[in-house]
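Let's take a walk through this protein together.

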Amino acid sequence: MAQCELNSATGPGQAAKLDQDHGTEGVSPCRANGGSDVNAESGHSLLRDPRHNKGLAFSEAERDAHYLRGLLPPAIVSQEHQEKKIMHNLRQYTVPLQRYIAMMDLQERNERLFYKLLIDNVEELLPVVYTPVVGEACQKYGSIYRRPQGLYISLKDKGKVLEVLKNWPERSIQVIVVTDGERILGLGDLGCQGMGIPVGKLSLYTALGGVRPSACLPITIDVGTNNETLLNDEYYIGLRQRRATGDEYHELLQEFMTAVKQNYGEKVLVQFEDFANHNAFDLLAKYSKSHLVFNDDIQGTASVVLAGLLAALKVIGGGLVDQTYLFLGAGEAGTGIAELIALEMSKHTDLPVDDCRKKIWLVDSKGLLVESRKESLQHFKKPFAHEHEELKTLLEAVQSIKPTVLIGTSGVGKTFTQEVIEAMASFNEKPVIFSLSNPTSHSECTAEEAYTWSKGTAVFASGSPFDPVEYEGKTYVPGQSNNAYVFPGFGLGVVISGAIRVHDDMLLAASEALAEQVTQENFDKGLIFPPFTNIRKISANIAAKVAAKAYDLGLASRLPRPDDLVKYAESCMYTPLYRSYR
């Protein structure tokens with residue numbers, strides 16, 4: 001591990017010297033994924049610095065050396081004891097949003113304790129810092145806003161975006177998550193209050209993927225909102241105007257993307273998050289050839305779902321090409337998943353991608369995508385419009401196409417009705433049913449509905465977490481197709497390889513790596529995703545496979561290539577143990 005070499009402190013408010021980093025730092029990815037090379041303040045300032053504050057864990061010697069004597073109660077406790085106390089306090093809250101606010105408060109005062117808490121209690125806290133609770137947090141972001149956690153770039157900053165980026169105190173940025181707030185989860189246009197999503201995603205990049213916190217930058221691009229409730233909300237924190245569109249919108253995005261590369265270089269990963277369909281596909285297509293960009297809603301979701309399908313095949317038998325797929329929802333997630341399935345199918349057969357797409361059917365708000373509708377369809381839907389009579393409802397499509405796999409990405413709750421699931425079970429011994437829409441209230445069906453209506457035969461996964469289900473004396477444990485399985489490890493793989501572009505084969509590598517982590521013990525419980533308790537190990541394996549593919553494709557700039565990419569990925573992961581102060 002790299003050592004921190006900081007100036008020794010000589011008085012209150014001056015820099016403290018750190019003994020050990022317990023992570024890594026600097027410019028190389030291995031050094032860059034621990035604490036950043038900063039000077040920790042002493043005295044009162046040290047206690048107000050979230051990156052270096054340890055609260056009551058400062059030792060007697062540290063309290064003397066760094067002018068903390070009297071600024072803290074006399075008790076000295078370990079980081080583990082602090083963790084135990086905070087978990088006890090969190091569990092007293094009955095309102096999920098209160099837990100979210102408490103976690104954000106902790107992140108703002110003691111960064112390392114926040115990440116240790118999240119890593120050690122990931123299955124319990126993941127729904128708190130991310131979906132589903134983050135959705136409610138975004139809806140109420142104006143009311144609960146305390147202090148800035150990222151950069152806000154608005155139409156007012158046009159012509160000055162590079163200056164705004166330079167206002168961020170960190171220079172060595174490796175991952176940016178950016179949103180314009182137009183399609184936050186399944187909740188729609190939340191404008192500037194969508195900042196909760198980049199903040200939440202980047203906390204997972206660190207906790208689950210090991211990218212150091214100071215290398216992560218959350219950004220919200222505020223171009224207005226069409227949400228009348230927010231425009232009339234006295235506590236709304238964004239621009240009070242209708243959304244900019246057309247040239248005004250794209251000129252601001254162009255300036256932003258140009259400024260990012262100018263300020264942070266070519267190897268900063270820009271993750272587009274929760275952009276509406278009409279912009280998401282265009283932005284990804286436009287910038288994927290000139291920037292290192294990734295859209296989690298299109299590509300991340302697709303990679304996780306593909307991994308779930310690859311694992312499900314070990315339960316139902318056959319290969320990807322032997323299945324027939326039906327999607328409810330033909331937006332970013334639905335078409336992104338469909339396309340990645342087709343690419344994986346083509347990769348393992350001699351079939352052209354176009355032929356593989358013919359195994360995949362999509363239903364949108366107007367019915368089944370068919371050839372006769374092609375002229376009126378958006379460009380990203382057209383590859384999946386096949387020859388078939390027009391059908392208006394999902395039930396009609398299920399009865400006619402007889403899919404083996406049913407996937408919901410519609411954002412509309414209760415659309416996998418009893419009739420639909422019973423139909424799936426009537427012609428499939430083990431129907432695969434993925435109800436992926438978030439938050440929980442928008443899920444196409446619940447785990448209990450899927451297992452009950454299929455009489456316990458469904459292979460089920462959802463986007464939001466559901467509790468285990470008891471059906472006729474057997475316990476079924478639903479899998480969660482959560483993007484957090486892939487994007488943290490994917491981002492780490494991009495960083496450690498110094499990749500300059502994202503290629504579809506890197507997404508396929510991530511899917512295959514995740515599917516390989518599912519054990520027979522998991523299958524025996526009905527799981528097609530591994531437990532989140534192993535997520536750091538899973539992320540390291542995904543990072544290694546993604547990095548390997550980047551090297552194979554000639555897209556990696558970090559040379560020479562490490563001999564053991566898994567060990568290298570693990571060595572590069574930020575760890576949140578407290579550091580000793582001299």
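Helices here are DSSP runs (H or I, at least four residues), numbered from the N terminus. A cavity is a set of points on a 1 Å grid over the protein atoms alone where a 1.4 Å probe fits but cannot get out, and its lining residues have an atom within 4 Å of a point. Keep in mind that this is a predicted model, where local features need pLDDT of at least 70, side-chain atom pairs count only at pLDDT 80 or more, and totals for linings use all residues. Residues are numbered from 1 along each chain, and side-chain values use heavy atoms, without hydrogens or water.

Helix 5 gives the most, with five residues. Among the lining residues are Y100, D105 and R146.

Now hop over to helix 11 (residues 196-207) and helix 21 (residues 487-497), whose axes, lines fitted to C-alpha atoms over the stretch in contact, come within 8 Å. They cross at roughly 65°, so the two helices are roughly perpendicular to each other (65 to 115 degrees). Where do they meet? K201, L204 and Y205 in helix 11 touch F487, P488 and G491 in helix 21, with contact meaning heavy atoms within 4.5 Å.

Technical notes. On a 1 Å grid over the protein atoms alone, a cavity is a set of points where a 1.4 Å probe fits but cannot get out, and a pocket is an open set with protein on both sides within 12 Å along at least five of seven lines; lining residues have an atom within 4 Å of a point. Axes are lines fitted to C-alpha atoms, for helices over the stretch in contact, and angles run from 0 to 180 degrees between N-to-C directions. Angles under 35 degrees count as roughly parallel, over 145 as roughly antiparallel, 65 to 115 as roughly perpendicular and the rest as oblique.
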